[in-house]
Every structure is written in structure tokens, then in C-alpha cells.
Amino acid sequence: MDTVECIMNRMSIRKFKDESVPKDKLMEVIGLAQRSPSYKNTQPWEVVVISGTKKEALSSRLAELLDSGKEARPDLPAPQSWPKAEGERIEALFKKRFELTGIDLSAPEVVKKAKNLNFHFYGAPHAIYLFQDSSLSEWSLFDLGLFAQTLMLAAHANGLGTVPQAFATDYSEDVKDFLGIPQSKRLVLGISIGYPDMESPANSFRTERDKTDNIVSWLE
Ligand SMILES: Cc1cc2nc3c(=O)[nH]c(=O)nc-3n(C[C@H](O)[C@H](O)[C@H](O)COP(=O)(O)O)c2cc1C
């Protein structure tokens, strides 16, 4: 697939086909993500892939924690406020989604439902969790972001769909316990991965971007 086509057509996928991805294909995609650049080539990424009954059990555990009212404590705390421009983009996203799907992402009961879908990895056959040592600096966090994007583009180029999920890290301590990952690691992101179900209305929603003119200053 052409690079521009890959960048333009990747989108967050929120409904997957009920079909597992062969392990060697997932390993190929993760191997491509390893080509991402990193600060002094430190490669500060650790990956756990979870599938099958193990994934189902984790989903049940996360849904139970949500039902119990346990407070979310992700290793990277959710932002409590946003600067003006970013806040307006969130509003625009919620408005468009509401108009197209009737889903009001600012309503608490809808957020709970949305979290449940996240905890069930939107029906994907596999979930990928990204970790790194907690002692690493913000540069390493930046590197892991590059890794995540390369992974999602490589997945798309291989006919796979993905969605990055901060929500999947809500109960980071429990996730680490479940996966047997030391608490000294930082859980950064969950990514659902599988074959996208493009017939589903859940995947009919495309997000917009600001005009390039609005984010670039030219000094000549
Ligand atoms: C760091 C990060 C965290 C995200 N967390 C979630 C999440 O918890 N659940 C979800 O459904 N989408 C999540 N998303 C997906 C964004 O909503 C999505 O990338 C954005 O709206 C742009 O849409 P696109 O990916 O289709 O281009 C996340 C994206 C990023 C980069």
C-alpha cells in the first residue's frame, strides 16, 4: 500500500470481525513498529498481546471494576482541562459524533457504556498493551507514541484495523497484575487489533482535521 494512502485511510476501528489474526502476521506488524525512531535508539517499548480466553477474562475483570464504582487510576492521568484550541476540537468531535450516531459522549451514563465497549476491546480478537519502565523520561513516552503510530499504520497496510485506547489503561494496577507485569512499569496504551468490520455503523464515522494553515506559521 502506498504510504500516503495508508496515512489517509487509517482510522480508529470500533467493530471487528470475529476472526483471529495469525500470530506471524501480528509479529510482522509489531516488528515493523520496531523500526520507529527513538531517543538514542533506546527502543523504550514493551509489548503484551492478549487473545482468546485470557482476553475475555481481562475484559470481565475490567467490566467488574467499572461496575463496582472503583475509581480509574491510569498510570498516565486523564487530563482535567484543556487549552482553548484543543478543547474546541473535543467539542467538535463530540458534536459530530452525536449528530451522526446519537451518542452523546459528554453524558456520564454514555461514558460508562463507552468504557465497557473499550474494556471489551470493541470485539477485537486481540488487544495489545504497551509498557515501558516508569523511570524513563518524557522523551521515552514520546518514543512510545511513535511506536504506537507506526504499529497502527503497519497494521492498516496489512489489512488490519486498530484503535488506540487510553480507557483500556483505566485500572492500570489491575491490568499489570492480571498480565504479570511488574508495577514498576508504566502502562501507556491499549490497542485493539483485528480485521475491521467495515459494514458496521461503528466504523462509518470519520474524524476531521484542522486546516493546515491554522497550525503552521511561516517565517521567511
Ligand atoms: C493516546 C490516545 C488515546 C485514545 N483513547 C481512546 C479510547 O480510550 N477509546 C477510543 O475509543 N478511542 C481512543 N482514541 C482514539 C481517538 O479518539 C481518535 O484517534 C481520534 O478521534 C481521531 O480519529 P481517528 O483515529 O479515526 O483518525 C485515542 C487516541 C489516542 C491517540
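Visitor: Before we start on the helices, what makes a crossing left-handed or right-handed?

Guide: A crossing is left-handed if the near helix is turned anticlockwise from the far one by less than a right angle, and right-handed if the turn is clockwise. Please note that the model shown here is predicted.

Visitor: Which hand does the crossing of α3 and α5 have?

Guide: α3 passes α5 in a right-handed crossing. The axes of α3 and helix α5, residues 108-119, come within 9 Å and cross at roughly 160 degrees.

Visitor: Is α3 roughly parallel or roughly antiparallel to α5, then?

Guide: α3 is roughly antiparallel to α5, because angles over 145 degrees count as such.

Visitor: Which residues make that contact?

Guide: From α3 come Ser 59, Leu 62, Ala 63 and Leu 66, and from α5 come Lys 112, Lys 115, Asn 116 and Phe 119. The residues of this contact divide into four nonpolar, two polar and two charged.

Visitor: Now α2 and α6. At what angle do they pack?

Guide: α2 and α6 pack at an angle of about 135 degrees, with their axes 8 Å apart. That makes α2 oblique to α6. The crossing of α2 and α6 is right-handed.

Visitor: Which residues meet there?

Guide: Val 29, Ile 30, Leu 32 and Ala 33 of α2 meet Phe 147, Thr 150, Leu 151, Ala 154 and Ala 155 of α6. By class, the contact of α2 with α6 has eight nonpolar residues, one polar and no charged.

Visitor: What does Leu 151 touch, leaving out residues up to four places away in sequence?

Guide: Leu 151 touches Val 29, Ile 30, Ala 33 and Ile 191.

Visitor: And the largest nonpolar core: which members touch the most others?

Guide: In that core of 35 residues, Leu 130, Ala 148, Leu 151 and Ile 191 touch the most other members. Two or more residues each are given to this core by α2 (23-33), α3 (52-67), β2 (126-133), α6 (138-157) and β4 (185-194). The largest share, seven residues, comes from α6. As general background, nonpolar side chains tend to be buried together in soluble globular proteins.

Visitor: Why does Leu 141 count as partly exposed?

Guide: Leu 141 has 14 other C-beta atoms within 10 Å.

Visitor: How many residues apart along the chain are Leu 141 and Pro 44?

Guide: They are 97 residues apart along the chain, while the C-alpha atoms of Leu 141 and Pro 44 are separated by 8.1 Å.

Definitions and conventions. Residues numbered from 1 in each chain as written. Predicted model: local features only at pLDDT ≥ 70, side-chain atom pairs only at ≥ 80, totals over all residues. Core = buried A, V, L, I, M, F, W, Y, C linked by C-beta atoms within 7 Å. Buried ≥ 20, exposed ≤ 12 C-beta atoms within 10 Å, placed from the backbone. Helix = DSSP H or I, 4+ residues; strand = E, 2+ residues; numbered from the N terminus. Contact = placed C-beta atoms within 7 Å. Axes fitted to C-alpha atoms, helices over the stretch in contact; angles between N-to-C directions. Parallel < 35°, antiparallel > 145°, perpendicular 65-115°, else oblique. Nonpolar A, V, L, I, M, F, W, Y, C, P; charged D, E, K, R; others polar.
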